[in-house]
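Me: Here is the model I want to go through. Can we take it topic by topic?

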Amino acid sequence: MSALALSQMPAVETPKADSLTCAVVDDSLIDRYLICHALKEVFDDSVTIEFATATEARRYFEAGVVDVILADRILPDGDGADFALSPPEGAAVLLLSGEDCGDIADRLGATGRSRFLHKDDLSGARLAEELATLLKARKEAGSEQQSASRPAEPGHTLSPVTRGLRLLRTVRASKDRAGQPEMAELLTEVERILIELKPREH
């Protein structure tokens, strides 16, 4: 994907979510940069966490919550398809590879929360399209589970406390990898959420 393609990404309407957390799992620093750049163009308010290995990612997924996982197929310590075939609870997975993945295409479609995108086809418009499909399926699955357990709450969004806890987990997980500007941005967002929690003066 060229720098020109990245700079000309169209604005595509996609499902929105408060503090959407995206995990990028790829051992290529350049590919991670391009994927993260594209994500920011599609979801400008998202929080992105980067992992170079499957082990690092799994360790985080055990304790942290992610909404979207973008994983390379070939990782130094495993197969990224494992995330797509058995997504962490509540996560949608976009499997990326420079090679065709015909061997698992049918199984990916069966999960309903996973899709495959060839890296040669990666662009802002295509990424927005794939993620819109994934997040729509994820939202519908969540609505069905919610309806089965209790009546749906119109206009329900994540509370400031929940959003704050998610961001704090992200800060903790990213402290050894994120640069100073990224950490400053995360902490600013945490501060904003804490201000929301402050009792209003009458």
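Me: What should I know about the source and the numbering?
Reply: This is a predicted model, in which local features need pLDDT of at least 70 and side-chain atom pairs count only at pLDDT 80 or more, while totals for chains, interfaces and linings use all residues. Residues are numbered from 1 along each chain as its sequence is written, and side-chain values use heavy atoms, with hydrogens and water left out.

Me: How many helices and strands are in the protein chain?
Reply: The protein chain has 8 helices and 7 strands. Both are DSSP runs numbered from the N terminus, helices being H or I with at least four residues and strands E with at least two.

Me: And what share of the residues is buried?
Reply: Of the 202 residues in the protein chain, 39% are buried. Buried means under 20% relative accessible area, exposed means over 50%, and partly exposed is in between (1.4 Å probe, protein chains only).

Me: What about the accessible surface of the chain?
Reply: The accessible surface is about 11,500 Å², and carbon and sulfur atoms hold 52% of that. The areas come from the Shrake-Rupley method with a 1.4 Å probe; for residues, only the protein chains shown count as cover.

Me: What percentage of the contacts is between residues 24 or more positions apart?
Reply: Among contacts with a separation of 6 or more, 62% are of that kind. A contact means heavy atoms within 4.5 Å.

Me: Helix H3 next. Which residues are buried there?
Reply: H3 runs over residues 54–63, and its buried residues are Ala54, Ala57, Tyr60 and Phe61. Viewed down the axis of H3, these buried residues fall within an arc of 130°, so they line one face of the helix. The arc is that of the directions from the helix axis to the C-beta atoms.

Me: What does the face turned away from the buried side carry?
Reply: That face of H3 has the exposed residues Arg59, Glu62 and Ala63.

Me: Aromatics. How many pairs?
Reply: There are 4 aromatic pairs in the structure. One of them is Phe51 with Tyr60, whose ring centres are 5.7 Å apart with planes at 40°, so that pair is tilted. Rings of Phe, Tyr and Trp (its six-membered ring) pair if their centres lie within 6.5 Å; planes under 30 degrees apart count as stacked, over 60 as edge-to-face and the rest as tilted. Phe51 and Tyr60 are both buried.

Me: And how are the rings of Phe61 and Phe83 placed?
Reply: Their centres are 5.7 Å apart and their planes are at 85°, so Phe61 and Phe83 are an edge-to-face pair. This pair links distant parts of the chain, with Phe61 in H3 and Phe83 in helix H4 (residues 81–85), 22 residues apart. Phe61 and Phe83 are buried. Phe51, Tyr60, Phe61 and Phe83 make up one aromatic cluster.

Me: How many disulfides?
Reply: A search of the whole structure finds 0 disulfides, a disulfide being a pair of cysteine sulfur atoms within 2.5 Å.

Me: Salt bridges, then. How many?
Reply: The search of the whole structure finds 9. A salt bridge is a side-chain nitrogen of Lys or Arg within 4 Å of a carboxyl oxygen of Asp or Glu.

Me: Which residue does Asp26 bridge to, and at what distance?
Reply: Asp26 forms a salt bridge with Lys119, with the closest N and O atoms 2.8 Å apart. Asp26, Asp31, Asp72 and Lys119 are linked in a network of salt bridges.

Me: What about Glu130 and Arg115?
Reply: Their side chains meet in a salt bridge at 2.5 Å, N to O. Glu130 lies in helix H6 and Arg115 in strand S7, so the pair ties together parts 15 residues apart in sequence. Glu130 is buried, with a relative accessible area of 3%, whereas Arg115 is partly exposed at 32%.

Me: How far apart are Arg126 and Glu130 in their bridge?
Reply: The side chains of Arg126 and Glu130 meet at 3.0 Å, N to O. Being 4 residues apart in helix H6, they are separated by about one helical turn.
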